[in-house]
Amino acid sequence: MSPSRVDWKSNGQLAVGKGATVQEFMAVVGADRLAIDVAPWGEGRLKVNGHEIAHVREAKDRRQAFRELQKIADHYLQTRAAPFEKPGSSPKLPAVKAKLLEGKKGLIVGIANDQSIAWGCAKAFRALGAELAVTYLNDKAKKFVDPLAHALEAPIVMPLDVRAAGQMEAVFEKIGKVWGSLDFLVHSIAFSPKEALQGRVVDVSRDGFATTLDVSCWTFIRMAHLAEPLMRKGGTLFTMSYYGSQMVVKNYNIMGVAKAALECAVRYIAAELGPKGIRVHAISPGPLATRAASGIPEFDALLDRAKAKAPARSLVSIDDVGVATAFLAHDAARLITGETLYVDGGYHIID
Ligand SMILES: NC(=O)c1ccc[n+]([C@@H]2O[C@H](COP(=O)([O-])OP(=O)(O)OC[C@H]3O[C@@H](n4cnc5c(N)ncnc54)[C@H](O)[C@@H]3O)[C@@H](O)[C@H]2O)c1
């Protein structure tokens, strides 16, 4: 496929030319829907069927960012391999000159693959200089997580199934032995049995309720408990929530109840640990096409709605979530705690 064969059309609903902010271009090639959005400061993204496959950050301007992404799109169309998936290539971390989190050590729980929100967080934290411990669910997940842990140069990589007795304790024990302290923790996990998640809240079984709340909420409370003694000089605890905690979002069902409990736990723990300099936040990203999201029926409709309604007219990426989270771990954010921070293009403010 030569570049000239791809017919990029600009999104007519966005302003174009000088003074425009983000511009979007789309092309349909066979079964693939390609989209490029570019910002005037030289940043841009290429998505294929809604999945981001390339992100350019340091182009001179919008035009150069577009040209670079066009080339990547051509390469994708020729090889059907995203840059990230080229055989033999290893995941790349963004190059950031200011190592604002240098010297900080953190635990990242919830990387399943390179689409995971936890991976977006890990990339941002590492790029800013933090040292990371990472966990993987089980042997099946290990092969996906290992190359990512390698890219992060993580000194601690451990199995963690929060439902397996003793595994959470073992992770914190290891951190105590290797580092002696912890500066931040990212809890980015949730689970609900299919019949509980896909049914009405009013029908949920006791087991379905207990499992959902156990994995998606209680484990954050327990991790905060285990992190507290390691955060002698203060620290920051993060968990991932969603707008379905506040509003009834179709198909979010019992997970909305769990996220409401989680956000409430964030406030109580923030109040309890605040005097020790430990801050606690829920991050509430807009919808992202991850493995966890695939369990939610009609998720594509949710993505379409988010994009159309959000003031930013854009879906968020795991990198957007990562940098916002990393900011809150910085000392500059030392007086911000107990928040639920929306990283959703402003979706939550619109009726
Ligand atoms: N994807 C979205 O649209 C979205 C939006 C807002 C919030 N969130 C939240 O973000 C968090 C991360 O989800 P994601 O979207 O990155 O999906 P993901 O599938 O990449 O991550 C979910 C993680 O939960 C882990 N997990 C599930 N059961 C576990 C257990 N018993 N022990 C240990 N780990 C377990 C999985 O291994 C996986 O790493 C979740 O809390 C999710 O609810 C997701």
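Where is the place of W218? I looked it up, and W218 sits in helix α6. Helices here are DSSP runs of H or I with at least four residues, strands are E runs with at least two, and both are numbered from the N terminus.

Ground rules for my notes. I am working on a predicted model, where local features need pLDDT of at least 70 and side-chain atom pairs count only at pLDDT 80 or more, while totals for chains, interfaces and linings use all residues. Residues are numbered from 1 along each chain as its sequence is written, and side-chain values use heavy atoms, with hydrogens and water left out.

**W218, continued**

I checked accessibility: W218 comes out at 38%, so it counts as partly exposed. My cut-offs are under 20% relative accessible area for buried, over 50% for exposed, and partly exposed in between (1.4 Å probe, protein chains only). Leaving aside neighbours within four places in sequence, I find W218 touching M168 and L213; contact means heavy atoms within 4.5 Å. I also noted L262, which is 44 residues from W218 in sequence and 8.0 Å away in space, C-alpha to C-alpha.

**α6 against α7**

Next I looked at how helix α6 (residues 206–227) and helix α7 (residues 253–273) pack: their axes come within 9 Å and cross at roughly 20°. The axes are lines fitted to C-alpha atoms over the stretch in contact, with angles from 0 to 180 degrees between N-to-C directions. α6 and α7 are therefore roughly parallel to each other. The angle classes are under 35 degrees for roughly parallel, over 145 for roughly antiparallel, 65 to 115 for roughly perpendicular, and oblique for the rest.

Which residues meet? From α6 I listed F209, T212, L213, S216, C217, F220, I221 and A224, and from α7 I254, M255, V257, A258, A261, L262, A265, V266 and I269. By class, the contact of α6 with α7 has 15 nonpolar, two polar and no charged residues. Nonpolar covers Ala, Val, Leu, Ile, Met, Phe, Trp, Tyr, Cys and Pro; charged covers Asp, Glu, Lys and Arg; the others, Gly among them, are polar.

**H187**

I then went to H187 in strand β9 (residues 184–187). Buried or exposed? H187 is buried, at 1% relative accessibility. Leaving aside neighbours within four places in sequence, its contacts include V215, S216, T219, F220 and M223, and also F238, T239 and M240.

**Aromatic pairs**

How many aromatic pairs does a search of the whole structure find? I got seven. Rings of Phe, Tyr and Trp (its six-membered ring) pair if their centres lie within 6.5 Å; planes under 30 degrees apart are stacked, over 60 edge-to-face, and the rest tilted. One of the pairs is W8 with F66, edge-to-face at 6.1 Å centre to centre and 80° between the planes. This pair links distant parts of the chain, with W8 in the segment before β1 (9–10) and F66 in helix α1 (residues 62–79), 58 residues apart. W8 is buried at 15% relative accessibility, and F66 is buried at 17%. I also noted that ring pairs link W8, F25 and F66 into a cluster.

R126 is in helix α2 (residues 117–127) and is buried at 19%. Not counting residues up to four places away in sequence, R126 touches L93, E131, L132, L152 and E153.

I jotted down E298, which has a positive phi of about 55° although it is not a glycine. R313 has a positive phi too, about 50°, and is not a glycine either.
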